[in-house]
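Hi,

Here's the model I promised to pass on. Have a look through it first, and then read my notes below.

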Amino acid sequence: MEISGIISAVVFGIVIGTLGRLVVPGRQRIGVLWTIAVGMVAALAGTGIAVGLGVADTKGVDWIEWLIQIGLAAVGVAALGCFKTRC
């Protein structure tokens, strides 16, 4: 993997993780690095799901793919927050 691919994955992870964190109500007790990691995993998994559903390549902005990724990031942030606080 080239350095540009790594940088774009981190930037995309920041965006998806932050949006996912904004969707979850209340305070999340996870750090910035965990948010980025959850965002990166959610972005990859969301793209895979969107490809499986056939909605990954559309004309214009892929809104459905973004919604899937943000939803997965929200679930990941909530699950990780719950795991870290033993809820």
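Let's start with a question: does W66 count as buried, partly exposed or exposed? W66 is partly exposed, because its relative accessibility is 28% (buried means under 20% relative accessible area, exposed over 50%, partly exposed in between, with a 1.4 Å probe and protein chains only).

Before going further, some housekeeping. This is a predicted model, where local features need pLDDT of at least 70 and side-chain atom pairs count only at pLDDT 80 or more, while totals for chains, interfaces and linings use all residues. Residues are numbered from 1 along each chain as its sequence is written, and side-chain values use heavy atoms, with hydrogens and water left out.

Back to W66. There is one aromatic pair in the structure (rings of Phe, Tyr and Trp, the last by its six-membered ring, pair if their centres lie within 6.5 Å; planes under 30 degrees apart are stacked, over 60 edge-to-face, the rest tilted). It is formed by F12 and W66: the ring centres are 5.5 Å apart and the planes sit at 75 degrees, so this is an edge-to-face pair. F12 belongs to helix 1 (residues 3–23) and W66 to helix 3 (residues 63–85), so the pair ties together parts 54 residues apart in sequence. (Helices here are DSSP runs of H or I, at least four residues, numbered from the N terminus.) F12 is partly exposed too, at 30% relative accessibility.

Now helix 1 itself. Its buried residues are G13, I16, G17 and G20. They cover an arc of only 105 degrees around the axis, which puts them on the same side of helix 1 (the arc is taken from the directions from the helix axis to the C-beta atoms). That buried set packs against helix 2 (32–53) and helix 3, with contact meaning heavy atoms within 4.5 Å. The face turned away from the buried side carries the exposed residues I3 and L22.

How do helix 1 and helix 2 meet, and at what angle do their axes cross? The axes come within 7 Å and cross at roughly 100 degrees (axes are lines fitted to C-alpha atoms over the stretch in contact, with angles from 0 to 180 degrees between N-to-C directions). That makes the two helices roughly perpendicular, a label used for 65 to 115 degrees. Among the residues making this contact are F12 and G13 of helix 1 and G39 and M40 of helix 2.

Finally, W34 is in helix 2 and is partly exposed, at 45%. Leaving out residues up to four places away in sequence, W34 touches L80 and K84.

Cheers

Technical notes: Angles under 35 degrees count as roughly parallel, over 145 as roughly antiparallel, 65 to 115 as roughly perpendicular and the rest as oblique.
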